[in-house]
Amino acid sequence: MKEYAVIIFTRFPSKNKVKTRLSKDIDTNLVLNIHKAMVLDTISVCKNDFSDILLFITEFEKLNEENKNFFAFEKNIFSQGDYPFGEKMNFAFKKAFEMGYKKVILIGTDIPTISKKDIETALKSLDDFDACINKTFDKGYYLIGLKKLCKNLFDEKIFETESVFENTIKVLEKENLSYTSARILRDIDNKEDLDFFVKNEINFSEYEKLKKLLKECYNE
């Protein structure tokens, strides 16, 4: 069994239920296609020879043999559960450790500038640190990794603040967990984020399906 695992948190691709802030300014069909592309690109970026991928999705009951192509036919697909956001993350880590993985990172599917190197560096950093956490420009984080459960990291009160990253760091320090951080990246929540990506970052992205889709849309 492999020692490392990558948890990918994402939503089942249901129209009007993904990227709702983006849907305020962009056609919902395009938003759905953007979501599907980012899910597949995230899976692609996370694939390597030394770790497994564990997908945790919403609306798990909709998953069947016909629509598993939404998730690149990955075999390890689980429900996020009917919990508050932080508890969902804790649940996913708990599941991964119960399966026998020793070093686990968790990411979402809305960071199209994350790279294979970022994923591999984060996983390997857990050889030397208790945790890893990478910040977003909006003061949250896009990646967190652990070698053991720490429920306090996912207290709902943390996610109700505007400084999720800094407050999570405070918990790591209070729990005496060593940690490391890497690149600060931008997530895509709204059209302004998407426009910034297309204008400034798309050529550096490893998200090939998303790049193809957006280049077609923005060139129309």
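Are Lys19 and Asp110 buried or exposed? In this predicted model, Lys19 is buried, and Asp110 is buried as well. The side chains of these two residues meet in a salt bridge, with an N to O distance of 3.6 Å.

Over the whole structure, the search returns 16 salt bridges. One of them joins Glu59 to Lys62, with the closest N and O atoms 2.8 Å apart. Glu59 has a relative accessible area of 15% and is therefore buried, the limit for this class being under 20%. Lys62, at 34%, is partly exposed. A further salt bridge connects Asp195 with Lys191, where the closest N and O atoms are 3.0 Å apart. Both residues lie in helix α6 (residues 191–201), and because they are 4 residues apart there, about one helical turn separates them. Asp195 is partly exposed, with a relative accessible area of 27%, and Lys191 is likewise partly exposed, with a value of 28%.

In the pair formed by Phe56 and Phe91, the ring centres are 6.4 Å apart and the planes stand at 90°, so the arrangement is edge-to-face. Phe56 belongs to strand β2 (residues 51–57) and Phe91 to helix α2 (residues 85–98), so this pair ties together parts that are 35 residues apart in sequence. Phe56 is buried, at 0% relative accessibility, whereas Phe91 is partly exposed, at 28%. Phe91 also pairs with Tyr83 in a tilted arrangement, at 5.3 Å centre to centre and with 45° between the planes. Tyr83 is partly exposed, with 34% relative accessibility. Phe56, Phe91 and Tyr83 are members of a cluster linked by ring pairs, which also contains Phe9, Phe78, Phe85 and Phe159.

Charged side chains are also found over aromatic rings. Lys124 lies over the face of Phe50, at 4.3 Å from the ring centre. Arg186 is placed over the face of Phe137, at 5.0 Å from the centre of that ring.

How values were computed:
Residues are numbered from 1 along each chain as its sequence is written. This is a predicted model: local features need pLDDT of at least 70, side-chain atom pairs count only at pLDDT 80 or more; totals for chains, interfaces and linings use all residues. Side-chain values use heavy atoms; hydrogens and water are left out. A salt bridge is a side-chain nitrogen of Lys or Arg within 4 Å of a carboxyl oxygen of Asp or Glu. Buried means under 20% relative accessible area, exposed over 50%, partly exposed in between (1.4 Å probe, protein chains only). Helices (H or I, at least four residues) and strands (E, at least two) are DSSP runs, numbered from the N terminus. Rings of Phe, Tyr and Trp (its six-membered ring) pair if their centres lie within 6.5 Å; planes under 30 degrees apart count as stacked, over 60 as edge-to-face and the rest as tilted. A charge sits over a ring if NZ of Lys or CZ of Arg is within 6 Å of the ring centre and within 35 degrees of the ring normal.
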